[in-house]
Amino acid sequence: MISRAFEFLARRIDGPLMAALALTLALGITVVYSASGGGDFSRVFSQGRNLAVAFVALWVFAHIHPQVLMRLALPAYVVGLVLLLGVALFGEIRLGARRWLNLGFTTVQPSEVMKIAVPLMLAWYFHRREEGLRARDFAIAGVILALPVGLIVRQPDLGTAVLVFASGFFVIFLAGLSWKIMIAAGAAGGASLPFLWTMLHDYQRKRVLTLLDPSQDPLGAGYHIIQSTIAIGSGGILGKGWLNGTQAQLDFVPERSTDFILAVFGEEFGLAGNIVLIVLYLLIIVRGLMIAANASTVFSRLAAGAITLTFFTYAFVNMGMVSGILPVVGVPLPMISYGGTALLSMLAGFGILMSIATHKQLVSS
Amino acid sequence: MMVGQALRDQQRELTVFRSRLMLAGLGIVVAFGILLGRFAWLQVVQREYYHTLAEANRISVVPVVPNRGLILDRNGEVLAANYSAYTLEITPSRVPNVERAIDELAGVIEVSARDRRRFRKLQEESKNFESLPIRTRLTEEEVARFAVNRYRFPGFEIKARLFRSYPQGEVASHAIGYIGRINDADVKRIDDAGLATNYKGTDHIGKLGIEGAYERELHGTTGSEQVEIDAGGRAIRALARQEPVSGNNLVVTLDLKLQKIAEAAFGDYKGALVAIDPRNGEVLALVSRPGFDPNLFVDGIDPQNWDALNNSPDKPLNNRALRGQYPPGSTVKPFMALAALEYKKRSPEFSIGDPGFFTLAGVAHRYRDWKKGGHGTVNMHKSIVVSCDTYYYGLATEMGIDAIHEFLTRFGFGQRSGIDIEGELAGLAPSQEWKQQRFKQKWYAGDTVSVGIGQGYLLATPVQLATAVAGLANGGIPVKPHLLKAVQDSKTRQTREVENPVAEGKPVVKDTNLALIRAAMVDVTKPGGTASAAFAGAPYLTAAKTGTAQVVGMKQNEKYDEKRLKREHWDHALFVAFAPADNPTIALAILAENGQHGASTAGPIARQVFDYYLLKKEVPVKPPPPPPEDDTGDDEHD
């Protein structure tokens, strides 16, 4: 009875990936507990609820056949794009950014949906054009990617824009975009940097400038970076011990349970903890790349590869910004940071990975 | 063919995909490598640096203010003490609208108009981020009431603080002084003295009197506490503590009981009294009337009280004992006589016939004696006993001003007595040189004549007179009056006595000469002497001299008529004395402003002070009689 229930639950679950995810999430909960001051379980419980919801999403997505997902890609993308347009026209402004859309019964943040919808859409597009891709296909792919990214940048939400762009770019990259075009685009991008600079909002420019020299604004924008670097640096090799980080526990680290949770982790667990975390991330990524490499359709391959690489981007951007080598862009540390939305979209993505991993024999005819 | 092409394409696509995947994997390894490098840099190489920064973040050193030393009288009576009380303080920079917040506060606890005025004055004088008291001495109930409403008042804080209190109120206020909030000038002085560290956290400082002069003894050494603070600056817990060292207690030379009796003896008169132990210079009583309540200054005085004190015609803030410069009048005569003996300008037996006036050779002007018709035949002894003016007009003229200047300087005239509190003025012992410098004028013979009876340019403060008289009392040894008797460690109670500065002194006059003067001064208080009424029946011998100092000048033929003068133009009454005359333990000088008659106004004050000091007799304090309606006393009027 129990074994049958287990079998029912685990039928579409990839064991190694699940194990790595579970370890990372368990670590995350411990750090959230510490980041909420210790002795206060409310955030831990709330994060447990988020996890439960996210695992349901993972399980559901793992059971959706990749071909069904492929069919859902276009509608999901179109709906997402319409919602983004809705946001641009009728969106609610919170904290100075127009990111939320009030649908009457609930408010949604369509940019989150696009983190999954964009790579699926591009994978679907390349799958359809699999007989001989031409430059024109990549141009169209570029437009498919540029539309949502442009709308998200305008919100403005640089962090999400970077992630959505990355997820789409990885699909195009894996599909085989020629190096010539990539280098040309890179050069063009570099050349347009000064122009982009003028498009950025003041606070975004300030973040970039602050990254270059945090001491310029030690009480304002630089405060985040200065305090988080102090936290990490003072942790040393073995850390100050769980719940014993002075920077974290005395509130010097801002956003310590969300975007800057790595500062808490690095202070309390030191370099050793950081190595463990990077190894866990690597395990997840390696398993994801294996699933991608062994996937049987173009769509599956591209989707699995893009989801895995996007996960990496999350981790790298967050760790880079908290340790002071990338600008502060508001990206949570995947699987560790407190918060439900990112967790949900991430585990949904891993659900898709598992679906691809466990459905491949059935379509290989 | 088509299928083969498709398969080849598929194969090619897979190869591209896998190689791209490999490339991405390589990129990931490089990226994570960069991150690990960054972590190693921060957490291994720079670890010490960041560790220091983190400690500096969390540890804050806060000063622990020491308790201020107490001030006690010579018998251990408390003159200045501390008590702990709650204050409600506001940091104006943290309150958007201070006035409105105070209005709101008034609905919770009582805030009087005086509190508001005082707060506004403090606010003008302070920096915005300082915490300033709006209410002091809150009751437990008020503290509780505020605590409940605390959330409504950001930037307000209840603090338990030590307050200074002066339990004796006005008594001895000019000697004790007071403390007040540290102002910009104080900050500069503290900085210049290199004491800035020791004054961290301290917001009051001694301003006047003993509180001011012995600030260093009283303040103590500031301790410190290392506290762990959070990012909001709130203290979480104490890590280490260096205890402050309380300030030393000061035992002063004043005798509180004597001081009280002396002050009460003045009645409504303004004036000053300084009583000194002639054996060692200890100041037993230092009176300046009217006084003020030093408690008003402790929390910052409010403008209304300040104006009242500052603008009163009675000038209660003026320390008359140290800063009042008056003509010494006839009280200078014993010194003039002594000078004449020392300079051998007069023998004790030399007599004059006093016609009631004196004239300089070749000048018509008559210098009148206070007694119409004169005192008859007057020798030196009689000149002191009856306070003959004519005798001294001639004596001074013969000695010349420079000899007078030199001699008076020996007894401390014209220079600060060196009493150990601040603000003393020097008085004036004139000389030819002085007049030349001051007025670019030569000294006239007529100038010397009035100096002979303690008028003219001659000016002395009460503390100077008392010091000079103490010199007569102790055999001619100059004394340095001082208020500090001993310094007591507030913890160990170990007491360090202030050394006795008289012991090494040498007499500045001949013993035999001094004996003559003292004998004459004793007869002043005996029947026939000018102060006989005040000392009738005293079981001890008193040596004294009365004096009267003109406030307004008289024309040649004008008669002094108090009924035609405003009270503030009435003569000042002076009195100097020491007792017991054969072995003096107390010497004093009294000045009663507009008291008119040294003997009848100031004499009884001296009698009460001596009776208490020598006999421990506490007669119900009897204020001196109001000035008599007509001028028929048996006392002198010079």
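**View 1. Five strands of chain B make an open sheet, ordered 12-11-21-20-19, with antiparallel pairing.** Strand 12 (282-289) and strand 19 (543-549) of chain B sit at the edges, each pairing on one side only. Neighbouring strands here are turned by 5 degrees against each other on average, direction ignored. Some terms: strands (E, at least two residues) and helices (H or I, at least four) are DSSP runs numbered from the N terminus, and two strands pair if DSSP finds at least two bridges between them. This is a predicted model: local features need pLDDT of at least 70, side-chain atom pairs count only at pLDDT 80 or more, and totals for chains, interfaces and linings use all residues. Residues are numbered from 1 along each chain as its sequence is written, while chains are lettered from A and ligands numbered from 1 in the order in which they are written.

**View 2. Zooming in on strands 20 and 21 of chain B, which run antiparallel.** Seven bridges join strand 20 (residues 572-579) to strand 21 (residues 586-592). In one of them, F575(B) has I590(B) of strand 21 as its bridge partner.

**View 3. Helix 4 (residues 66-90) and helix 5 (residues 110-128) of chain A cross at roughly 135 degrees, their axes coming within 8 Å.** Axes are lines fitted to C-alpha atoms, for helices over the stretch in contact, and angles run from 0 to 180 degrees between N-to-C directions. So helix 4 of chain A is oblique to helix 5 of chain A (under 35 degrees is roughly parallel, over 145 roughly antiparallel, 65 to 115 roughly perpendicular, the rest oblique).
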